[in-house]
Amino acid sequence: MVATVATGGQVLKVAQLADLQAKGVMNVSAGGHTLALFWHNEKVYAVDNRCPHMGFALHKGTVKDGILTCMWHYARFDLASGGTFDQWADDVPSFPVEVRNGEVWVDVAGRTDLINQQRQRLQEGLQRTISLVIAKAVIKLLNNGDDPKEAFRIGLNFGTQYRRNGWDMGLTIHTAMLNLLPYLAEEDKPRALYHGLAAVAQNTDGSPTRFIVRTLPGNTTDISTLKRWFRQFIEVRDNEGAERCVVSALRTSATRQEIADMLFAAATDHRYIDVGHPLDYTNKALEALDIAGWEHAEPVLTSLVRNYAQAERLEESNSWQNPVNLVVILDKVFADLPQALAEGQAKQGTWQGRTELANLILGDNAQASADGMLAALRNGCTEAELGGTVAYAAALRIARFHISNEFGDWNTAHHTFTFANAVHQGLRRAPSVELLRGAFDAAMSVYLDRFLNIPATKLPAPKETHPNPAGLLEELVTLLDKQQQVNQAADLAAQYLYSKGDPDALLAVLGKLLLREDRNFHVIQNLEAAFRQYSLLRNEPEGVHVLVATTRYLAAHSPTMRSQGQTYQIANRLARGEKLDEEE
Ligand code: FES
């Protein structure tokens, strides 16, 4: 029997009052809800019967002094409002009750704005670093049609505000995960967002709030002056002076390209600072603004400044000066860059030397590598093509990385590759002579990493095609349940591609394999950079090599404990209405 009340809700008869009074508690179904009814202190209360924490039946809980306690993990709720006292659990929906002529009637119409409620819940999960709350909020938001960019914006704003030292690996993972979404299977998209948001929460946990410095009064200074001052202040490691330049530059009429150029110039004034992380962070921050909107530029771009100012400058390290002085080689090349670019201008669009130049960069002669790159520019190679060639050479280091190396050496090859990719993406966005120095830095780092290819692992070159490429993907999924499957995994990926398997399906499977593991900053960076490179190379043999490289890197770091995946799985099962307190 259904009745409608003046509030517009849906009021249903759910029980006889005498029955409820006799039993104290009842479990009833009404209007698609399962309700827990309580007779407590001479009043009737109705709440959703699923505990919002992990789904236990609340009618099995206890009520004392108006507080309902779930019997599984003891989350406590105000019986009247459903509000929880334990932030790791959610509020439980409560329903208005009327008693009419000895009958209990409940208004079961939903009253909450689910999207706003879950966005708020996501904020709370970030504030308290509760992964399960983050996972549940993300799943509900996406299941109810919210644009993933909204959750991304929430994480971006949170991460830039609540970490005093600014942009770091949390926001980098967060942005990388959003970049990966188009490559992933539909069911993996919320999981990717969850990983990114949980990484932001973890990376901000315990840090003081960050306050942005004010813009210069009047905003009369032009962008070229601000860029010059910015570089001077980074030179003397003055974070706040430099930050005031950035925030002021954003209030000028400078284009996005000019803003990017200002940051990239400072990030490449010294050699391969902090093994490439500040430049990679810059690239990611700019990508984050492309996704979230440039109205977020002030908190986002100012959060980068400390990374430039406080970085280790690799020209001060022994390996960049001895036995070969790479700094001297580079200084000379940098002086020649404007002229080489001017010479090559008329020939741009005709350069074909990627493979040959990549092999030179992978060789054991730093001077020849730098000279070859300069000659390429003179022959019409564009800034972006040069960046792409170095990124390809860096990927080949990983594709040929011999497993007899120490495990930690994977990081060395990885840092060069992600740096080279960031320089490449930066050159595609805002080409400049300054940022071009980064491509040469990356090439010198590829040179320094050459010991990782002694001996070099052979690139997979399957002789025959496989009749069932899809079966190879299934094998790959099983294979990475075991450690030390680096070469076997690469063989499967290469065989799949040579057998005309759909590359997009391989990318989706690699993404799935990444997401089922516990978060590893480098593996996430590596896969995302490789996907970027692959999307530009696609049907060329070099594209296969890049995917071989990242498959090997992923395999080297799999499997993990997968505990974060378990948290996500719990949230997912709850969203599907499964009972977690029953055996599967
Ligand atoms: S506290 Fe209720 S299911 Fe955990």
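Tutor: Five elements, namely S4, S9, helix H2 (114-128), helix H3 (131-143) and helix H24 (563-575), each contribute at least two residues to the lining of the largest pocket, where helices (H or I, at least four residues) and strands (E, at least two) are DSSP runs numbered from the N terminus. A pocket here is an open set of points on a 1 Å grid over the protein atoms alone, with protein on both sides within 12 Å along at least five of seven lines, while a cavity is a set of points where a 1.4 Å probe fits but cannot get out, and lining residues have an atom within 4 Å of a point. The model is a predicted one, in which local features need pLDDT of at least 70 and side-chain atom pairs count only at pLDDT 80 or more, whereas totals for chains, interfaces and linings use all residues. Residues are numbered from 1 along each chain as its sequence is written, and side-chain values rest on heavy atoms, with hydrogens and water left out.

The largest pocket holds about 1300 Å³ of space, a volume being the space filled by probe spheres set on grid points that are joined across faces, edges and corners. Its lining has 48 residues, and those closest to the centre are Asp48, Arg50, Pro52, Pro93 and Lys140. H2 gives the most to this lining, with 6 residues. By residue type the lining divides into 15 nonpolar, 19 polar and 14 charged; Ala, Val, Leu, Ile, Met, Phe, Trp, Tyr, Cys and Pro count as nonpolar, Asp, Glu, Lys and Arg as charged, and the others, Gly among them, as polar.

The two strands of this lining also belong to a sheet, an open one of 4 strands in the order S3-S4-S5-S9 with antiparallel pairing, where two strands pair if DSSP finds at least two bridges between them. Strand S3 (25-30) and strand S9 (94-95) stand at the edges with a single partner strand each, so one side of each has no neighbour in the sheet. S3 runs antiparallel to strand S4 (residues 33-40) and is joined to it by 6 bridges, and Asn27 stands opposite Ala36 in S4. Further along, strand S10 (residues 97-100) and strand S11 (residues 103-107) run antiparallel and are joined by 4 bridges, with Val99 having Val104 in S11 as its bridge partner. These two strands, S10 and S11, form a hairpin with 2 residues between them, and Asn101 in the turn has a positive phi of about 50°.

The whole structure contains 3 cavities of 30 Å³ or more, and the largest cavity has about 80 Å³ of space. Of the 14 residues that line the largest cavity, Leu514, Glu517, Asp518, Arg519 and Asn520 lie nearest its centre. Helix H21 (503-516) and helix H22 (521-537) are the elements that give two or more residues to this lining, which divides into 6 nonpolar, 5 polar and 3 charged residues.

Leaving aside neighbours within four places in sequence, Phe440 is in contact (heavy atoms within 4.5 Å) with residues including Leu330, Phe334, Met373 and Leu386. Ala549, in helix H23 (residues 541-556), is buried at a relative accessible area of 3%, and, not counting residues up to four places away in sequence, Ala549 touches Ala395, Ile398 and Ala399.

Conventions: Buried means under 20% relative accessible area, exposed over 50%, partly exposed in between (1.4 Å probe, protein chains only).
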